[in-house]
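Here's a protein model to explore together. Open up the view below and keep it handy while you read.

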Amino acid sequence: MRNTRTMFPAAGLLAVAGLLLSGCAGAGGDSSDGSASTYNVYALLPQGTDQPYGTTYLPAMQAKADELGIKLTITNSKYDADTQASDCEVAVAAQPDLIILWPAVGDTVRPCLEAAKAAGIPVTATNSDVNPEDKSLIKGYSGPDTYGQGQASAEMMCDAAAGAPTNIIVINGLTGNSTAINRHDGFADYIAKSCTNITILAEQPGNWNKDDSQIAASEMLTSVGAENVQGIYAADDTMVAGAIDALKARGIDPSSLIITSIGNTKLGNPLVISGELYGTVFQSSSWDGENAVVLAYNVLTGKPVEENLFMPSVKVTKDNASDPSVAPEW
Amino acid sequence: MKLGTEQSGLLGRVRNLAARRTEGRGLILLALVIIVVAILEPTAFTAYSVTLGRVALIGLVALGLTAVILMGELDLSVASTLAVSGVIMASIPDLGLGIVVALAAGILIGIVNAVFVVYVGINSFIATLGMLFALRGLAFVISDEKPVRLSNIDAGIAFGAPLIGPVTPRVLIFIVAFIALQVFLTRVRAGREFYAVGGNRQAAFDAGIPVRRRIFTGFMISGFVAALAGVINTLERTAADPTAGSSVLLASFAAAIIGGVVLTGGRGSVVGTLIGALSLGILQVALTLSGVQTDIQDIFIGSILLIAVITDPTQLRAAAASVRSFFQRREKAQIPT
Amino acid sequence: MADQTTTAAVPPRAASDEPGLAKGRFSLLVWMSERGVFLFTALLVVVAVVFVNGFASLANITDVFYRAAPIGIVAVGMTFVVISANYLDLSVVAQVATASVILVGVSNTAGFPAAIGLALVVALLYGVVNGLAVGVFKANAVIVTLSTTFIGLGILRWLSGGSIFFGPEDGPIRAFGQAKLGPIPLSALVLLVITAVLWFVLTRTNFGFLIRSFGSNKAATRLAGVNTALVVVGAFVITSLAAMLAGFVLAAFSNTAVSTMSDGYDFSALAAIIIGGTSVFGGKGSVLRTLLGVIFVSVLTNILVLLGIGFGLQQVAIGALIVLAVSVDALARRVGKK
C-alpha cells in the first residue's frame, strides 16, 4: 500500500529527471561535435505548444535551425511580459550569438533590447514587431504584418459591401493581447477611414476560442437584433467558425452575410470553400517559424537583410481557397 | 540567513522553534535544487544576478502575502493589485507622482479588503476573490485594454540597470522589504501579534491584542507590496500591461507554502517564504538555461512541487499514522480516544 | 497530530460566513440571508426581463444555458472539495482541457468508446493523485492541485503537441453538442442531472454526510473512526469526474478541443461556489446553491454583453457583485442574529 503511494511521484520524478538529463546530454552533444559552424541562438517566444499557432510554428523553426546548424534554446513566457523580461536577462547572461524575440507585449521590450545591445548580442524580431521607435535596436523583423492583416480583412469586407450601408458585429481576440490589439486597430482604422458605410454595432472578445466566440456572437446578435446585422468580423478563423455556428443555430444562412476573418486555418479554409466565410487572410505559421531562423542566420553570417521581411498577407476568398499555395496549416 | 534572532521569554523561544521547523521542507527542497542545478546547469549560479532578479520577481509579492497568511487570512487580489497599480502609475505623466499614487492605491486596496473582512465580516477568501476580478477589470478600463507606455522611458531603463555589482534596484528593494518584514514580524510587538491572531484569534482577542487593527495592517502590507511590485515591473518594462501578473498569484502562494507558511495561519516565517522563492527562482532559471522543451519544464516544476509538498516530515508522520490507523481499524473497530 | 491543531485554528470570523440556520428567532433578515443568492438571481432575472432588450428571447435563454453548462458542471463537482475543507481544486483547468482533447483527438483516431474510456482513466488518476496527496499525505490542497495542473497541462501539451482538434461534422460529438430540448441544450440537461445526482450524494448518502462532517471538523471525524483519507479521495474523484464531463460538454459544444479552452475555470468555478454561499472553510454548503451561483454569474455576464458593456467593466461588475452579494448576506445574518 505504501509502496504504491510513493511509487507514482517517485517514478514521475525519475522519468522527468531522466528526460532533463537526456535533454542536457543532447544539447551538450551538439556543441561538442564541432560541426562546421554552430550558432547558439535564444528564441524568446510568448507561446509554444500551449497554442495551436505555436504548435505548428515551432517544428518549422526547429527544422530550419537544424538545417542551418543553429542550436536553439526556446523559452515560452505565456504572454507574461515580466516572465519574458526575465527570460531575456537569462538569455543575455548566457551570451548566445543572437536572440530571436517575439514580444509578449510590444511596449515592454525596450529594456531587453538595450540589455542585448549593451552585451553585443544582435536581436531579430519574429511574428510581432517591436514599436517603430525601437526598430533601431533590432537587426530586422520577419513575420506577418498583424496590423495589415486586420486591414486586409477590412478591405475584403469593404469590397463585398460595395458601398452599401453594412452593420457588423466584431469579435476580438483575448483582451489585452498584442496580436488582438493590432488586428483590431488595423480593421477599425481602415473602416473608420476608408469604408464609412460599414458600422460596428457591437464588439466583444472571443478569447481566440470557438466556444467563447459562439456565445458572444449569439448574444451580440440578440442585443442588436439579428435582422440588423449584415456582416461579422472575427480576429481569427477559430472564432469566426464559432460566429458562423451561432448564425446557423438561429437558422440564418451565413452566406447571406459578409463574414471575414484572419488565418485561413484548417477550420476556416473549408468555410471559405463552402461560401459561409466570405474571406480570410492567410497566415502561415510554418513560414513564420522558418523565416525567423532564416533571418537570424542571415544576420549571423553577415548577409544583407531587409528591415522587414513581411509574410505575404494573401487574401483568401472562394476564388483561390482551393489553391495549393494557400493550403491551411493548422 | 537563519532565523537566529534571540527572542526574550519562553513564548518567543517556543515560537521560534516552531517557526524554524516549518522551514524544514523548504530547506530540503532548496538544497536539492542547488545540488542538482550546480551539477547540471551551473550557469544559473555564475549568472547569479539574473537568478537574483528572478527570485526577487517571484518573492516580493510573496513576502507581502506572507504577512496576511500568517493571520489566517488570504489575499487573492495581489496579482490584480499589481496590474492596476502599474496601469495607474503609467497613466500619470509625472513619474514621481505616479509612483506615489500607485503605492497609495495599493494601500487603499488593502484597506478596502480589510474593511470587508473586518467590518462587513465576509471571509477574506471571498472578499479578495471579488477584488481579483474587479481590479483586473479596473486595470483594463483605465488602460483602455492596451499596454500603457511610461512617458519617461529613459528613467525606466535607468531603473533596470545594476546599482552595485549585480544588485539592481529590484533586488535591493526585495532585500530591504525582506529585512523590514522579518524585523517587523519577529522584533516588533505588533508584528509578533500577527502570529497570535493567526494561531488563535479568540485567545489573541482575549489577551487584549487589537485583532482588527492587526488585520488592517496585514492587508495594507500585502496591498502595498503588491503595488510596489507593480511599480517596479512597470519601471523595468517601461510600460504597464493590464494583463500583467498572470503567474504572480500562484507563484507567490507556492513560494510561501513551500517555505512552510501554513495557510490556516499562525505558523511560518518570511525566511521560509524567501527559501521558497529561492528554490522556485533558481529552478526556473536553470530550466530556462537548459533549453528543455517548456512542456517538460512544466512537468518538472509540477513534480518538484508535488514531491516537496508531500514529503514534509510532519506530513510523512501523518501519512504513516493514517496508514497505521487504517490497519488498526481493519483489525478491530476500536475507537481511539 | 500536529496537523489537527491547525484545522482548529480556523478564524472565528469564518463562522459568520457560513450559511445555515442562524440561532435565535426567525426574522425577515435571517430568512433573506438564507436565500440570498436565490433572491439576487431572481431580482436580476426580473430586472433583465423588464429592462434588457432580447433577454427573454428563446435564443438568449439558450445562450445563458450554454454559458452556464460547462463551468456549472465543474463548479458543482468542485463543491465537494470545498465542502471537505480543502479550499479548491486548481487542476480542474488541466482536467477539463485534457478531457476535451482526449474526447475529440482520441475519438478521431481510435474511436469514441476508446476516447471515453481513456478520459475516464485520466479523470480517476487526477482524482486519486490529488486525493491521496491531500488525504493521506495531508499536503496542502492548493499546492497539490497547482502542481498537478503543471504536470497535467505539461503532459497534455507534450503528448498532443498542443494542436487544436476538431471532430467530424457528422460525428456523435457534434450531434451531442447541437442537441436541444426546446430552448434547453443537452449540455444544460447534463448540468441539471449532475446537480441532482450530486445533491443526492451529498445530502442523502453516508459518504455525503462524511464529507460534510469532515469539512466541519476533521479531528472529530477522524476520531470517530472514519477513514478520512478515503473521504478526501472521494471528494477529489467526484470533482475530477465532473471536470471530465465538463470537458466533454465544452468540446461537444464547439466540436473543437484545445489545451487552452478552460483557462480561468479554476477561479470562475470557485466564484460560483462562493456566490452560492458555500463556506470556503468547509462543512457547510450545497450543490444546489452552487447551481444558483453559476446561474447568477451566467445571467449577469449575459446581461452585460447584451448591454454592450466592455470586457473590463464586465469584470469589475462581476467582482463587485461577488463582494456585494456576500456582504449583504453577511450583514443580514449578523443583524438577524441580534
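How many residues does the contact take from chain C, and how many from chain B? It takes 57 residues from chain C and 55 residues from chain B. Before going further, keep in mind that this is a predicted model.

**Where the chains touch**

Let's stay with chain C for a moment. On the side that touches chain B, the elements giving two or more residues are α1 (2-8), α7 (141-160), α13 (265-276) and α15 (311-337) of chain C. Of these, α15(C) gives the most, with 16 residues. Sort the residues of that side of chain C by type and you get 37 nonpolar, 14 polar and six charged.

Chain B also meets chain A: here 37 residues of chain A are in contact with 42 residues of chain B. On the chain A side, α1 (2-32), β2 (70-76), α3 (81-94) and α4 (110-118) of chain A each supply at least two residues. The residues on that side divide into 17 nonpolar, twelve polar and eight charged.

**A helix pair in chain C**

Two packed helices are described by the angle between their axes and the distance between the axes. For helix α4 (residues 58-83) and helix α12 (residues 228-254) of chain C, the axes come within 7 Å and cross at roughly 170 degrees. So α4(C) and α12(C) are roughly antiparallel to each other. If you want to find the spot where they touch, look for residues including Tyr66(C), Ile73(C) and Phe80(C) on α4(C), and Phe236(C), Leu245(C) and Phe253(C) on α12(C). The contact has 20 nonpolar residues, two polar and no charged.

**Chain B: cover and confidence**

Is helix α10 (residues 189-199) of chain B mostly covered or mostly open? Mostly covered: eight of its eleven residues are buried. Among the buried ones are Glu193(B), Phe194(B) and Tyr195(B).

What about the predictor's confidence? Chain B has a mean pLDDT of 86, and 88% of its residues reach 70 or more. Among its elements, helix α1 (residues 10-22) has the lowest mean pLDDT, 59, while helix α5 (residues 78-91) has the highest, 96. Two stretches fall below 50. One is residues 1-7 of chain B, with eleven contacts in the model beyond near neighbours in sequence. Another is residues 332-337 of chain B, where the model has five contacts beyond four places in sequence.

Most residues other than glycine have a negative phi, and most peptide bonds are trans.

**The domains of chain A**

Finally, chain A is divided into domain 1 (36-144 + 286-312) and domain 2 (146-282). Their centres, taken over C-alpha atoms, are separated by 31 Å. The contact takes six residues from domain 1 and five residues from domain 2 of chain A. On the domain 1 side, the residues divide into four nonpolar, two polar and no charged.

Note on methods: Residues numbered from 1 in each chain as written. Chains lettered and ligands numbered in written order. Predicted model: local features only at pLDDT ≥ 70, side-chain atom pairs only at ≥ 80, totals over all residues. Axes fitted to C-alpha atoms, helices over the stretch in contact; angles between N-to-C directions. Helix = DSSP H or I, 4+ residues; strand = E, 2+ residues; numbered from the N terminus. Parallel < 35°, antiparallel > 145°, perpendicular 65-115°, else oblique. Contact = placed C-beta atoms within 7 Å. Nonpolar A, V, L, I, M, F, W, Y, C, P; charged D, E, K, R; others polar. Buried ≥ 20, exposed ≤ 12 C-beta atoms within 10 Å, placed from the backbone. pLDDT = per-residue confidence, 0-100. Domains from an automatic or database assignment.
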